[in-house]
Amino acid sequence: MPSAGSVREATAPMNASDLAEVRSRFPALTREIDGRPAVFVDAPGGSQVPDTVIDAIGGYLRTSNANAHGAFATSQETDDVIAEAHRASADLLNADADEVVLGPNATTLLFAISRSVARTLGPGDEVVVTRLDHDANVRPWVLAAEDAGAIVRWVDIREEDATLDLASFETALSERTKVVAFTLASNAVGTITPAAELTRLVHERTPAIVACDGVHLAQHRQIDVRAIGADLVACSPYKIFGPHLGILFGRREVLSSLRPYKVRPADDALPFAFETGTQNHEGFAGWVAAVEYVAGLGQGAGRRAAVADAFDRAIVPWEAGLSERFLDGLRAIASVRLYGIDDTARIAERTPTFAIRVGEQHPAETAKTLAERGVFVWDGNYYALEIMERLGLEGSGGAVRVGFCHYNTPVDVDRVLEELAALA
């Protein structure tokens, strides 16, 4: 196992020298478009991966490729990879290894767990969802409610800054509430929700299960499931410098109370009862390497502490600086409109993900032009359908999404601003 101090040997905030070393770990970042470095500001849709992740995936396929639970060496090595992937996920989330379900992606895992939860619902029960969320943490619960004859309650947003309307959230809760689903951060506009406060309110006032979408936030903050107090939290390793997988934290008491949909020979023990079919073992090997990469940005007694330190000392401060630079620069481009928190004094309330429009341009046209100039952004609704409809953007193409992460540079920020100004 690589040392947690293999990237950064001190707990001082990340600086330009540290960043150069970080970027050297990501082969994709050397790509050029028409002789200029490509600017990867597409991380909200999936981050790039470090060299050790690529090596781990290839290494597993070269030496240990086998199905699980066999009597021979490569199968036993696969069992070890599976166990370590659970431990690495638990270290990332401050959970226990048997509380982390591994699967193909967060959406699939949320649909699977919602089917089990639907078995506990009945007519008159209520399910609460929000207009800030990715549809993966909306539609599974809406369909579960429909199947059970339960009622769906909606939590609104504050249109002026695209934050969750806390009064609407409180109003939606009742003694009949059985599920409350909300995001830890919006993948569309970057808003971070006060998750621990929301969870506390739910548990004080209702008997509900709290299901959180942590997919977007996990790239930018450490998700401490104990501190949040949520019952279910979904994440996507491919947003956290790893391969295409999904992980789902489930509080042990909650998972134990649910009946999974599974084949009869499958393991009844947690978390394997919720892990259906043959898994992506090479992806698991890469995921362990991704968590080790994050730990290597920090210091601490063990991987769990090093991960927490990496976010606190390196990732969060660096990304805050990028966000401030971008917001300051955006103010000078009059024809660019930002949706979401625009106050640099409120940087802690948002991730470095920005939804914008350039004048009257269709977002797809803006994204295409930026791509031709070597700036990689997303356009559309990014499956955050409710907020795009709520902001009145869905019918005209959604928005352009610019998303920075810890491997981006101030030069990247300036390139994006330069190209947006040229389009304005």
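This is a predicted model: local features need pLDDT of at least 70, side-chain atom pairs count only at pLDDT 80 or more; totals for chains, interfaces and linings use all residues.
Residues are numbered from 1 along each chain as its sequence is written, and side-chain values use heavy atoms, with hydrogens and water left out.

Let me begin with the helices, where helices (H or I, at least four residues) and strands (E, at least two) are DSSP runs numbered from the N terminus. The axes of helix α2, residues 51-63, and helix α10, residues 281-295, come within 8 Å and cross at roughly 145 degrees; these axes are lines fitted to C-alpha atoms, for helices over the stretch in contact, and angles run from 0 to 180 degrees between N-to-C directions. In contact, meaning heavy atoms within 4.5 Å, α2 has residues including V53, I57 and L61, and α10 has residues including A285, G286 and A289.

Now to strand β9, residues 177-183, where 6 of the 7 residues are buried, that is, under 20% relative accessible area with a 1.4 Å probe and protein chains only. Two strands pair if DSSP finds at least two bridges between them. On one pairing, strand β5, residues 126-130, runs parallel to β9 with 3 bridges, and E126 stands opposite T177. β9 also pairs with strand β10, residues 209-213, in the parallel sense over 5 bridges, with A211 as the bridge partner of A181.

Key
Buried means under 20% relative accessible area, exposed over 50%, partly exposed in between (1.4 Å probe, protein chains only).
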